Amino acid sequence: MSDAHANIEKLTRMANEIARAFRAQGDNAVAGAAEHIGLYWTRKMRADIFAHLDKGGAGLEPLTVEALKSLRARA
């Protein structure tokens with residue numbers, strides 16, 4: 001497995017875990033997850049996960065996809 005692939009797997013796992021943590025906020029889950037990723041992830045991490053999303057986002061859960069799209073729209 002390449003380093004790039006391992007990095008995307010790690011970012012996917014982290015993004016999904018963040019989205020799951022915010023799921024309990026109901027209607028605010030997408031905004032909360034998007035805000036968390038926007039505040040605490042580096043620019044490179046965000047760029048890498050957005051690139052992965054653009055390639056189909058394999059492994060990203062629906063709430064995670066919504067949060068990433070919301071974050072990108074705000075940027």
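**View 1. Trp-41 and its contacts in the predicted model.** Setting aside neighbours within four places in sequence, Trp-41 is in contact with Leu-11, Met-14, Ala-15, Ile-18, His-36, Arg-46 and Ile-49.

**View 2. The largest nonpolar core, with 21 residues**. Trp-41 turns up again here: together with Ile-18, Ala-33, Ile-37, Ile-49, Leu-60 and Leu-68, Trp-41 touches the most other members of the core. Two or more core residues come from each of α1 (3–22), α2 (29–40), α3 (43–54) and α4 (62–74). With 6 residues, α1 supplies the largest share.

**View 3. The packing of α1 against α3**. The axes of these two helices lie 10 Å apart, at an angle of about 95°, and α1 and α3 are therefore roughly perpendicular to each other. On the α1 side, the contact is made by Asn-7, Ile-8, Leu-11, Thr-12 and Met-14, and on the α3 side by Met-45, Asp-48, Ile-49 and His-52. By type, the residues of this contact are 5 nonpolar, 3 polar and 1 charged.

**View 4. The packing of α3 against α4**. Here the angle is about 115° and the axes are 11 Å apart, with α3 passing α4 in a left-handed crossing. From α3, look for Arg-46, Ile-49, Phe-50, Leu-53 and Asp-54; their partners in the contact from α4 are Val-65, Leu-68, Lys-69, Leu-71 and Arg-72. This contact has 6 nonpolar and 4 charged residues, and no polar ones.

Methods: Residues are numbered from 1 along each chain as its sequence is written. This is a predicted model: local features need pLDDT of at least 70, side-chain atom pairs count only at pLDDT 80 or more; totals for chains, interfaces and linings use all residues. Side-chain values use heavy atoms; hydrogens and water are left out. A nonpolar core is a set of buried Ala, Val, Leu, Ile, Met, Phe, Trp, Tyr and Cys residues joined through side-chain atoms within 4.5 Å. Buried means under 20% relative accessible area, exposed over 50%, partly exposed in between (1.4 Å probe, protein chains only). Helices (H or I, at least four residues) and strands (E, at least two) are DSSP runs, numbered from the N terminus. Contact means heavy atoms within 4.5 Å. Axes are lines fitted to C-alpha atoms, for helices over the stretch in contact, and angles run from 0 to 180 degrees between N-to-C directions. Angles under 35 degrees count as roughly parallel, over 145 as roughly antiparallel, 65 to 115 as roughly perpendicular and the rest as oblique. Ala, Val, Leu, Ile, Met, Phe, Trp, Tyr, Cys and Pro count as nonpolar, Asp, Glu, Lys and Arg as charged, and the others, Gly among them, as polar. A crossing is left-handed if the near helix is turned anticlockwise from the far one by less than a right angle, and right-handed if clockwise.
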